[in-house]
Amino acid sequence: MRHNYPYLTDFNFLKSVDEMHIKEQYAKMTILNWNESPIQEIQGIVTGGNINLDGKSNMRRSCNLSVYVDTNFKTNVIDIDNLFSLNKKMYLEIGYKNITDKYKEYDML
């Protein structure tokens, strides 16, 4: 599921994005089954959270995100068959809305 984004090798562009004072941060979560086949995609504006990496833990990567999803997305969090149950995996992409004059073909960076 890795993507090739040309702006990731443009150091000057990435520096200018990093120095922007106002940024809208977005998350795209692709819910996967245990065989890593996509089930559903959920997108929204990130309002807070963190990502943890721990090489010594069985769960090497974990995250806690608060995301505003602008749809009628509803799920029962205690139902084992819901999208966020323990028998699912997630592919997470985080980026900024592209408000620069470069790489206009990408709405999100």
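**Close-up views of a predicted model**

Residues are numbered from 1 along each chain as its sequence is written, and side-chain values use heavy atoms, without hydrogens and water.

View A. The whole structure holds 6 aromatic pairs (Phe, Tyr or six-membered Trp rings with centres within 6.5 Å; planes under 30 degrees apart are stacked, over 60 edge-to-face, the rest tilted). Tyr-7 and Tyr-106 form an edge-to-face pair, because their ring centres are 5.3 Å apart and their planes stand at 75°. Ring pairs join Tyr-5, Tyr-7, Phe-13, Tyr-103 and Tyr-106 into a cluster.

**View B. Largest nonpolar core.** The 6 residues of this core are Tyr-7, Phe-13, Val-17, Met-20, Tyr-103 and Leu-109. A nonpolar core is a set of buried Ala, Val, Leu, Ile, Met, Phe, Trp, Tyr and Cys residues joined through side-chain atoms within 4.5 Å. Leaving out residues up to four places away in sequence, Leu-109 touches (heavy atoms within 4.5 Å) Tyr-7, Phe-13, Val-17, Ile-94, Gly-95, Tyr-96 and Asn-98.

**View C. Lysines over aromatic rings.** The charged end of Lys-89 sits over the ring of Trp-34, 4.8 Å from its centre (NZ of Lys or CZ of Arg within 6 Å of the ring centre and within 35 degrees of the ring normal). Lys-23 lies over the face of Tyr-96, 5.0 Å from the ring centre.

How values were computed: This is a predicted model: local features need pLDDT of at least 70, side-chain atom pairs count only at pLDDT 80 or more; totals for chains, interfaces and linings use all residues. Buried means under 20% relative accessible area, exposed over 50%, partly exposed in between (1.4 Å probe, protein chains only).
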